[in-house]
Amino acid sequence: MRAVHEKVTTATVCALSAVRAVNFAESASMLQKVMTTILSVLRRLVATKAAQSPAPIAISIQPEPKPAPLSEAPSMASSTPKTPVQPPKAPEQPVKTAEAAKPLQEVAKPLQEFATFEGALEAKLKLLYPPFAKMVRLFIFEARKKGMAVSVFQGLRTFEEQHALYLKGRDPKTLKTVDKKLVVTNAPAGMSMHNYGLAVDVVFDGDEVKPGWQWSWSQKHPWKALAELGRSHGLEAAYFWKSFPEGPHFEKSYGMTYRELNALYREGGTQMIWSVLDMRQKATQSTKA
Ligand SMILES: [Zn+2]
């Protein structure tokens, strides 16, 4: 039994490493198919062996601490995992058992992906107003703890980038809407908190089994719960906006108007805005004290 189980584990590790090693999406998905097949065969083998081996003699009345791994192995193919393992669902993943979850390379995707993804997340947070970035980081981690596989898609957006977005679905000369379906924002350059490092767009991982982060804004994700969580972290969730609601968008204006932000930006860019915000924060803190 143990030998078979070890084979399953080894096969999982090999197959997963193979998938990771391959850069081309097509080959990777092919390898994944192969991996799934190998695993299902091995799993069946484990199940058969388990059926053949005599049932554990459970005469002892004293409840014993369960040596989980072996007895749990066949069950993984069937139903829900008992332990609330960190990454959400993915019932078909073979690496879900308590035993297989130990070494990092065997862990289901979100965990290892998060490890590499953390770098990208931090790089994006670094471009934002630091106190805001801190709030966003906490919010993202809290969401992940609640089983929502989210990260930041975009934070800071330059005026040029904002303008390019604004042109989508609009005539570049008159700026009038020509195709409503293509419009992604109602905010021209300078009229979005993104332009001042005070907003983020959040994204879900669309396929927690498939290697790599699959950007997804599908309606199937719990956007409302995410928005509520963001709000509880002091962020303004655009999900609740009456006009042009946006599930992924979270911001914090710190009571500043666009006119004020724009004036400061012209004077000294985001740094100027951020130092004014810092001063304001200090002032309110000292009046509170
Ligand atoms: Zn946004």
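**Close-up views of the predicted model**

**Figure 1. Overview of the fold.** Of the contacts in the protein with a separation of 6 or more, 60% are between residues 24 or more positions apart. Keep in mind that this is a predicted model. It holds 9 helices and 5 strands, and reading from the N terminus the elements go α-α-α-α-α-α-β-α-β-β-α-β-β-α. As for burial, 24% of the 289 residues in the protein are buried.

Figure 2. The ends give it away: helix 9 covers residues 258–288, 31 residues in total, yet its end C-alpha atoms sit only 26 Å apart. A straight helix would get to 45 Å at 1.5 Å a residue. While you're looking at helix 9, pick out its buried residues Leu261, Leu264, Ile273, Trp274 and Leu277.

**Figure 3. Helix 6 packs against helix 8**. Here residues 130–145 (helix 6) meet residues 223–232 (helix 8), with the axes 10 Å apart and an angle of about 135 degrees between them. The crossing of the two helices is right-handed. At the meeting point, helix 6 brings Phe139, Glu142 and Ala143, and helix 8 brings Leu226, Leu229 and Gly230.

**Figure 4. Alanine 133, a buried spot in helix 6**. Why does alanine 133 count as buried? Because 21 other C-beta atoms lie within 10 Å of its own, and the cut-off for buried is 20 or more. Leaving aside residues up to four places away in sequence, alanine 133 touches Leu125 and Leu128. Look for alanine 199 too: it is 66 residues away along the chain, but its C-alpha atom is 9.1 Å from that of alanine 133.

**Figure 5. Leucine 175 and its positive phi**. Most residues other than glycine have a negative phi. Leucine 175 isn't a glycine, but its phi is about 65 degrees. You'll find leucine 175 in the loop that runs between helix 7 (159–167) and strand 2 (199–205). Leucine 175 counts as exposed because it has 12 C-beta neighbours inside 10 Å.

**Figure 6. Tyrosine 254, another non-glycine residue with a positive phi**. For tyrosine 254 the value is near 55 degrees. The residue lies in the loop between strand 5 (249–251) and helix 9. Is tyrosine 254 buried, exposed or partly exposed? With 19 C-beta neighbours inside 10 Å, tyrosine 254 is partly exposed, since buried takes 20 or more.

Methods. Residues numbered from 1 in each chain as written. Predicted model: local features only at pLDDT ≥ 70, side-chain atom pairs only at ≥ 80, totals over all residues. Helix = DSSP H or I, 4+ residues; strand = E, 2+ residues; numbered from the N terminus. Expected span 1.5 Å × (residues − 1). Contact = placed C-beta atoms within 7 Å. Axes fitted to C-alpha atoms, helices over the stretch in contact; angles between N-to-C directions. Left-handed = near helix turned anticlockwise from the far one by under 90°.
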